[in-house]
Amino acid sequence: MFESIKGFFSIKNQKSLQGKIFRDATFTFGAVLAVTGAFFAYTNWTTSKENAEKYYTQQAQVNATGAKMRIYRTIGTARTLTIALDNILQSGSSLRDSSISRLLTSVTQRLTKYNDITLYHAAYFSIDSKYLQGDGSEGHVLYISTADRPGVTRQVKQGFDQSGVDKCLQHAESIDKTVISEPYTSSYPNGSPAAYVATIAAPIEFNGKVVGAAAVDMPLDQMQRITKKTAVPEGASAYLISHDQQMVTNTNDELYGKPLAADTDPKLKETLQTIFTEKDKSLGSYYVETDDVSHFVAPVNADQDYTTWAMGLTIPNSVLYKKALTDTILAIIVSIIGLVICSFMSSNMAKRITNPINKMNDSITKLGLGDVRNTKKLDTSDQTEIGQINRSVNNLIDSLGEAVHFANEIGKGNFDEDLKLQSENDNIGLALLEMKESLRQSKSQEHQRQEEEMRNNWANEGVAKFAEILRSNHADIGELSHQIISNLVKYLGINQGGLFVQNDNETQYLDMTACFAYNRRKLMDRRIEVGEGLVGRCYVEAEPIYLLEIPDNYITITSGLGDTAPRCLLLVPLMVDKEVNGVIELASLQPLEEYKISFVQKVAESIASTLKAARVNERTAKLLEQTKLQAEEMAAAEEEMRQNLEELQSTQEEMARVQEDQKLAMDKINTDNQMFEALLRSTSEYVNFKDNHGRYLRISESSKRLFEIDRIEDAVGKTATDLFSTDVATIIDQEDNDVMASQRPIIKQRGQFKFKDGVVVNIEKDKYPVKNASGEVVGLVSIYKEV
């Protein structure tokens, strides 16, 4: 047989040109088809395999990004809680249970639900008790509020226990970073049902020290639902694993919340260990292939402590490479069929051995080299197979020419160009159309991303700019208001704006503190009553107002070209701690975009806080000025007293000569002492005398009720700490020391006093420093009267 085949392809044994062409054509087409078929089979196999691996790698990264965004959103909520508490501390206000409760309740009522989905199951504050007003306990206080039961549960703890939330809060405080706990089943003291959660905690800093932490419970059952919605082929699974190798989520409900199986493939375990221990989080996803399955794993960076979870997809290799195997077998079959067809065509083409074959070969060669533009069309007048092939080649030239033109247009960005398919099986045409649609979507997505990024950058720059303005202008509310409204009008690119601030008088109304239009400062004196017009309505309702239909004669925008009614009006309340301090009014000839409205609302919070602080500063400055005037008056009084003392010294010389007068004076003093003793015994007011060491020297008979003693002697020589509770004694000593140190008396100051039996009475107190002859403060007299 071998000799027969060798003789068939021998030139000497071929006695006709037809035989030679048949032999050459058969050999050539057979070799070309064999090589081409093998090439396309191999290329198709590798391409399909790479595409499958790339697709599922991207799917793992997309799932990881979704989990990461969910975690980051929870981190953002925890940090927002810390910022809110830090703002209270920075403003100089003391922390109260009421303010903390309102903050946590607001979070659980407003932020925990979105489209009936529970975003956060619970929110916490852990605060060092010494930063809480009126809290004398030691350790820390834990505030808890859950989504299903709004309200706050308060717990006082001496230390952290081993519960999931306590360990997470302690970790955040100890390393001063945002952290995420391992998944665990929570339990809540307010009766809320237990839930499978991961706690995210952020430290609270004040004056460079960590004073506590805020935390949010992220429900993992929501992430489980999201994971189960992941489109995976039959037999495959998607999952999220924490860094202690626990299944946070899994498309298989039986594995949800369970540890990683002991029989897990060692390669996958090694990859997960690499992800959990690697500090460089920029390495991207990992691909692990075994004999039966392939794993696609992407890291999920969970917090600042480089805690890493992992999102994975496990795909059976039979499913992963099914299309590649099918396409490869099909390519081999097509190649074999083509080889058989070419053998028969070679026999027929051998009859036409002249130019048509050469021309055809030239055209096909150029097409094979990709030189479509320089390929000439063949003569189609021949009605035989050669003519048909020529027409097919011509169709191929036209088809490839259209494809080249289509590809060039797409490369230029002309996505309106269309390509006519040669048939429903036109793979090249379908691939080009899919490429066009993919590029169109990519361009659209990139445009949207750039637009969103531009808006975010614009908003962030604006927040930073106004933060700098607010930090630099605290002295004068008028100038601060002008800087705010002028920069806001310019930054928004609108035409006119005004700032209204609540007055400090008993009768509330709003003063226009600044007005700005067309890059010029407007000096206007305008007063708005509460509830009057849109400004008053915005102040009362504490809600933004955005109008595109402006009431007639409400406002006009004046320029060198005349007066024009605005097309839109935006009023935003200046609110801090749920208290409205003023209103921003903005007018524009063009409607405002939604992101600009959101920016104004966001900046309004900072403006309200700064204006409130500026008003406090103004009031403080006025009080300081009054204090200065009082100090000057007291200095004048002291000078007058000094002169009186000099006169008294001159009279003492004369008194020395009058012994009888001295005796009378001593008698009078004795009489006064007796009257003073009688006064102490009979007065209903609580009168007591203390030395500068805080020891009681004399008290009135009625003061026995105040001190809750049986005899006056039981109080003499003792301090407030010996006679009162610790918190009451601390207040009394602090107040008495301030009076003696400042030498400024307390006159008719009203307050409350709580006896040991729990009875609370309203009192009016007077306290005066007692000086010796040298003007040194040697003690204090206190007078308490029930009112």
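The legends below describe close-up views of a predicted model.

**View 1. An aromatic pair between F707 and F724.** The structure holds 11 aromatic pairs, and the one shown here is formed by F707 and F724, whose rings are tilted at 40° between the planes, with 5.4 Å from centre to centre. F707 belongs to helix α16 (residues 703-707), whereas F724 sits in the loop between α17 (720-723) and α18 (726-742), so the pair ties together parts that are 17 residues apart in sequence. Both F707 and F724 are buried.

**View 2. An aromatic cluster and a lysine over a tyrosine ring.** One aromatic cluster is made up of W458, F466, Y491, Y595 and F599. In a separate panel, K690 is placed over the face of Y696, at 5.2 Å from the ring centre.

**View 3. A nonpolar patch on the surface, formed by L325, I329, I333, I337 and I341.** Together, the side chains of L325, I329, I333, I337 and I341 make up a nonpolar surface patch, with about 440 Å² of accessible area between them. Of these residues, I341 is placed in helix α8, which covers residues 322-349.

**View 4. The hairpin of strands β4 and β5.** Strand β4 (residues 140-146) and strand β5 (residues 153-157) run antiparallel and are joined by 5 bridges. I144 stands opposite T153, the latter being in β5. The hairpin has 6 residues between the strands, and in this hairpin G151 takes a positive phi near 125°.

**View 5. V535 in helix α13 and its separation from I584.** V535 is located in helix α13, which spans residues 533-541, and with a relative accessibility of 2% this valine counts as buried. V535 and I584 are 49 residues apart along the chain, and their C-alpha atoms are separated by 8.3 Å.

**View 6. Positive phi angles at D577 and K578 in the loop between β22 and β23.** The loop shown here lies between β22 (568-576) and β23 (579-588), and D577 is found in it. K578 has its place in the loop between β22 and β23 as well. Although D577 is not a glycine, its phi is positive, at about 55°, and K578, which is not a glycine either, has a positive phi of about 60°. D577 is exposed, its relative accessible area being 61%, and K578 likewise counts as exposed, at 63% relative accessibility.

View 7. Side chains of opposite charge can pair when their charged atoms come close. E735 counts as buried at 16% relative accessibility, and K767 counts as buried at 0%.

**View 8. The salt bridge of R750 with E764.** R750 and E764 form a salt bridge in which the closest N and O atoms are 3.4 Å apart. Here too the pair links distant parts of the chain, with R750 in strand β26 (residues 746-754) and E764 in strand β27, 14 residues apart. The two partners fall into separate accessibility classes, as R750 is exposed, with a relative accessible area of 61%, whereas E764 counts as buried, at 9% relative accessibility.

**View 9. The salt bridge of D691 with R695.** In this view D691 forms a salt bridge with R695, and the closest N and O atoms of the two side chains are 3.4 Å apart. D691 is buried, with a relative accessible area of 9%, while R695 counts as partly exposed, at 35% relative accessibility.

Methods: Residues are numbered from 1 along each chain as its sequence is written. This is a predicted model: local features need pLDDT of at least 70, side-chain atom pairs count only at pLDDT 80 or more; totals for chains, interfaces and linings use all residues. Side-chain values use heavy atoms; hydrogens and water are left out. Rings of Phe, Tyr and Trp (its six-membered ring) pair if their centres lie within 6.5 Å; planes under 30 degrees apart count as stacked, over 60 as edge-to-face and the rest as tilted. Helices (H or I, at least four residues) and strands (E, at least two) are DSSP runs, numbered from the N terminus. Buried means under 20% relative accessible area, exposed over 50%, partly exposed in between (1.4 Å probe, protein chains only). A charge sits over a ring if NZ of Lys or CZ of Arg is within 6 Å of the ring centre and within 35 degrees of the ring normal. Patches are made of residues with over 30% relative accessible area and no salt bridge: like charges are joined within 9 Å, nonpolar side chains (Val, Leu, Ile, Met, Phe, Trp, Tyr) within 5 Å. Accessible areas come from the Shrake-Rupley method with a 1.4 Å probe; for residues, only the protein chains shown count as cover. A salt bridge is a side-chain nitrogen of Lys or Arg within 4 Å of a carboxyl oxygen of Asp or Glu. Two strands pair if DSSP finds at least two bridges between them.
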